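Let's take a walk through this fold, from the overall layout down to a few single residues. Have the viewer open as you read.

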Amino acid sequence: MTTPSTPDGHAGIEHPLEAVDETELLALLTDDRCQAILEAVTDDTRTASELTDELDIPRSTLYRKIDSLTEANLLIEQTRIDANGNHESEYGRQFESVSLEVDFCGGLEITVEDGEPVAAGAHTTISVGAD
């Protein structure tokens, strides 16, 4: 059984990508280890232990990357409860796809297509323009 957890304790998931710094978002999306984590949780959630074993990333590094990806709303943290009643956090991808578009004037647009558990079909665009 998995239960989504949010900072405000609501069952619904807020997806405030507008509050994410576009430079930070781009840095996360181009980081090799962040990419590996996001790829590993594409089809199913994984615990930090599973990710450490699967990706051969040191645990401390993995937790830093997970924290950054969660703060940027690219990962969602859920609680996994096993048959013995033990609780462990597991992580899943919070989006369907990401598109980057660069125009000739130096503007950059990042579009994140939301996936489950965020409302399907929704999307958020972050624009960085050369004004």
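Helices (H or I, at least four residues) and strands (E, at least two) are DSSP runs, numbered from the N terminus. This is a predicted model, in which local features need pLDDT of at least 70, side-chain atom pairs count only at pLDDT 80 or more, and totals for chains, interfaces and linings use all residues. Residues are numbered from 1 along each chain as its sequence is written, and side-chain values use heavy atoms, leaving out hydrogens and water.

Now the big picture. The chain has four helices and seven strands, and along the sequence they run β-α-α-β-α-α-β-β-β-β-β. Of its 131 residues, 34% count as buried (under 20% relative accessible area, with exposed over 50% and partly exposed in between; 1.4 Å probe, protein chains only).

On to the helix pair. Helix 2 (residues 32-40) and helix 4 (residues 59-71) have axes that come within 10 Å and cross at roughly 75°. That makes helix 2 roughly perpendicular to helix 4, a label for angles of 65 to 115 degrees; under 35 counts as roughly parallel, over 145 as roughly antiparallel and the rest as oblique. Where they meet, helix 2 brings Arg33, Cys34, Ile37 and Leu38, and helix 4 brings Thr61, Leu62, Lys65 and Leu69; contact means heavy atoms within 4.5 Å.

Leaving aside residues up to four places away in sequence, arginine 59 touches Ala48, Ser49 and Thr52. From arginine 59 to serine 49 is 10 residues in sequence and 7.9 Å in space, C-alpha to C-alpha.

Aspartate 56, in the loop between helix 3 (48-55) and helix 4, has a positive phi of about 55° although it is not a glycine. Asparagine 73, in the loop between helix 4 and strand 3 (75-81), also isn't a glycine and has a positive phi, near 65°. As for accessibility, aspartate 56 counts as exposed at 68%, whereas asparagine 73 counts as buried at 13%.

Methods. Axes are lines fitted to C-alpha atoms, for helices over the stretch in contact, and angles run from 0 to 180 degrees between N-to-C directions.
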